[in-house]
Amino acid sequence: MATTAVPAKIAQRAAKLRTDLDAHNYRYYVEDTPAVSDAEYDSLFRELEAIERDYPALATPDSPTQRVGGQPATEFDPVTHRVPMLSLNNAFADEEAEAFDRRVRTALGVERVDYAVEPKFDGLAVSLVYEQGHFTLGATRGDGYTGENVTANLTTVRAIPMRLPAAAPPLLEVRGEVLMLKRDFAALNAAQGSAGEKTFVNPRNAAAGALRQLDSTITASRRLAFFAYGVGAVDWGDVTPPATQDALLKLLTALRLPIASQRSVVRGLEGLLGYYRAIGGKRDNLPFQIDGVVYKVNQFEHQERLGFVSRAPRFALAHKFPAEELPTEVLAINVQVGRTGALTPVARLKPVFVGGVTVVSATLHNEDEVRRKDVRVGDTVIVRRAGDVIPEVVRVLPESRQPNAPQFVLPKRCPECGSKVVRLPDEAIARCSGGLVCPAQRKQALLHFASRRALDIEGLGDKLVDQLVDAGLVHTPADIYKLDVAALAALDRMADKSAANVVAAINKSRATTLARFIYALGIRHVGETTAADLARHFGTLDTLLAADEHALLEVRDVGPVLVQSILQFLAEAHNRKVIADLRSAGVHWTETAPRKALAGKLSGLTFVLTGTLPTLARDDAKALIEEQGGKVAGSVSKKTSYLVAGADPGSKLDKAGELGVPVLDEQQLKAMVTDGRIK
């Protein structure tokens, strides 16, 4: 029974249990030298749980008992990294490592360089923030600048200390990798298989799935490991900053953070390549998966002098191992249709275990690639996992080919919907032309049709579209206008009010513009600007539908490739029928008389918009420019006539300054529209 006062002996016992359990976790998960049996550990753990249950004040956030996960989250909040988590440049050959060493020596003006070297883990990069020695924030790498807050999940990783020793800096952001050890991966898959559940492809996928669970109790049920390899933002306080990467890793080790024991310090190119080959020879026997090694200039002073290029440091390099290659048999060549209509030949293979994964299929990319490699059904081929991730067919062993084995021929009709397969000039990819009716493209077509810049049907997002398609309620965009409140409310997580809101948005979308309607059709290469040009030029949909190649080429900025894309889309009877069905459903717009050219005060000028204008929304400013014959581009280039800048303009203003592009404010833009000149 809980009481408000905590007896001194109980508090002392809880403190000792926490200390002992932390020590056992460190010895088990970091040093791999457990000092007690699992049963003894469990007994201590249950004792601490009982004390904290009876005396809740003793249940501190960093207690070992808090590593079992908590309430499921609804989403991961974004986290902006104080110091960007940049990626490394890759090397795949000794010559590239030699070039790296040469660049470093030349830049530093020295004959030989000391390098800190370590395994390149095949896991997920994360950031751990410790404030006053306490773990307060954990995040994924994300795009290097913004990651996801996975603090609750990282708390369940027992290799990650919740508290650092007193010698820790006041603020320490630790960078490292979360992964799953080979033994734990094997045990997880064995358990999944015994339970009749799906097994995981490889340790990296299993670790990624565990770390990104919204329910941290699931993360806690999977044994994840962690290894630190660097730091981000640091306030050293009274701690003397280390001068080298090697010294930094020794400091992190002293702070009881796990570091790969396979790290070392070597001299010069000979040391780099020697380490690369030594680790490569031990790769299969390591407790974790790696896909290469990492070289870092050891001296931090030298690292600062070398600096960065683009999104990668000049002082570091990832030297990847060659992809593993093994022979297997091609059982069939199937054709998959992607969400954008792309047809991709896929080799179905006799199962082969390559690079830690059982491979049963490999992409052949496109028809030209199949012909170049001359892959045929029945062939024995060499398969590898490119970058240890994507399976690919490297080459055919011609001596194994059966007599009269037929060449692969890409189908002329889409295997999903029967629409004509087309291939535009200068494109390697063949595509299904039945964009509005093809089942493989259905969800993508519907989402595009309902998107904000198309028909703008609020509430018709990914999850609802998935349900509508899976339930067979919607096959083409025209079916959207047959939906009612009763049909929507019957779907999962759709209350009557939500259903009514979606129906209201659908009804509202019936009144649109011709430009939006053309864009909503999802014709390949027809973006918002081209759709607006087509609408202005032809004035009516029927005029556009009747246009031939010559008529389309008269439209501003419409070239032969775009013309072929439009004609092939409109030549498909299925697409024409959907357009007719949409009009029958009441989708309408104001039409104008066709005009062959648009003359205006801004004709021939290209504008770029940036920042927040005082009175014009971005779309309104764009429409104003286009109504006067101007063109709006997304980025500043030498072809930009003017940059229109509002508040908080961002990097586009800097780029305009570099290129000498004139900058206008909103008032000056309006003056050009009114008077044809800048006031």
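The model is predicted. Helix α9 spans residues 268-282. The second largest pocket has a volume of about 660 Å³, and the largest cavity holds about 40 Å³.

**Helix α9**

- Helix α9 has 15 residues, and at 1.5 Å a residue they should span 21 Å.
- The end C-alpha atoms of α9 are 22 Å apart, which agrees with that span.
- Which residues of α9 are buried? They are G268, L269, G271, L272, L273, Y275, Y276 and I279.
- An α-helix has 3.6 residues a turn, so residues three or four places apart point the same way.
- The cover over the buried residues of α9 includes one helix segment, α3 (94-108).
- Strands β3 (114-121), β9 (264-267), β10 (290-297) and β13 (316-320) are also part of what covers these residues.

**Two residues with positive phi**

- Q132 sits in the loop between β4 (124-131) and β5 (134-140).
- The phi of Q132 is near 50 degrees, a positive value in a residue other than glycine.
- Is Q132 buried or exposed? Q132 is exposed, because its relative accessible area is 63% and the cut-off for exposed is over 50%.
- H525 sits in the loop between α16 (514-520) and α17 (528-538).
- H525 is not a glycine, yet its phi is positive, at about 75 degrees.
- H525 counts as partly exposed because its relative accessibility is 39%, which falls between the cut-offs of 20% and 50%.

**T540, a buried loop residue**

- T540 lies in the loop between α17 and α18 (541-545).
- Its relative accessibility is 14%, so T540 counts as buried; the cut-off for buried is under 20%.
- The side chains of T540 and T543 are joined by a polar contact of 2.4 Å.
- What does T540 touch beyond its neighbours within four places in sequence? T540 is in contact with L514, E591 and T592.

**The second largest pocket**

- This pocket has a volume of about 660 Å³.
- It is lined by 23 residues, and the closest to its centre are T513, A515, A532, A623 and E626.
- Helices α16, α17 and α22 (618-627) each supply at least two residues of the lining.
- Which helix gives the largest share of this lining? The answer is α22, with 6 residues.
- By class, the lining of the second largest pocket has 10 charged, 8 nonpolar and 5 polar residues.

**The largest cavity**

- The count comes to 1 cavity of 30 Å³ or more.
- About 40 Å³ of space lies in the largest cavity.
- Its lining is made of E118, P119, F121, A228, Y229, L249, I259, A260 and R263.
- Strands β3 and β8 (225-235) each supply at least two of the lining residues.
- Strand β3 gives the most to this lining, with 3 residues.
- β3 is also among the elements that cover the buried residues of α9.
- By class, the lining of the largest cavity has 7 nonpolar and 2 charged residues, and no polar ones.

How values were computed:
Residues are numbered from 1 along each chain as its sequence is written. This is a predicted model: local features need pLDDT of at least 70, side-chain atom pairs count only at pLDDT 80 or more; totals for chains, interfaces and linings use all residues. Side-chain values use heavy atoms; hydrogens and water are left out. Helices (H or I, at least four residues) and strands (E, at least two) are DSSP runs, numbered from the N terminus. The expected span of a helix is 1.5 Å times one less than its number of residues. Buried means under 20% relative accessible area, exposed over 50%, partly exposed in between (1.4 Å probe, protein chains only). Contact means heavy atoms within 4.5 Å. A polar contact is a pair of N or O atoms within 3.5 Å; within protein, one must be able to donate a hydrogen and the other to accept it, and residues adjacent in sequence count only if both atoms are side-chain atoms. On a 1 Å grid over the protein atoms alone, a cavity is a set of points where a 1.4 Å probe fits but cannot get out, and a pocket is an open set with protein on both sides within 12 Å along at least five of seven lines; lining residues have an atom within 4 Å of a point. Grid points are joined across faces, edges and corners, and a volume is the space filled by probe spheres set on the points. Ala, Val, Leu, Ile, Met, Phe, Trp, Tyr, Cys and Pro count as nonpolar, Asp, Glu, Lys and Arg as charged, and the others, Gly among them, as polar.
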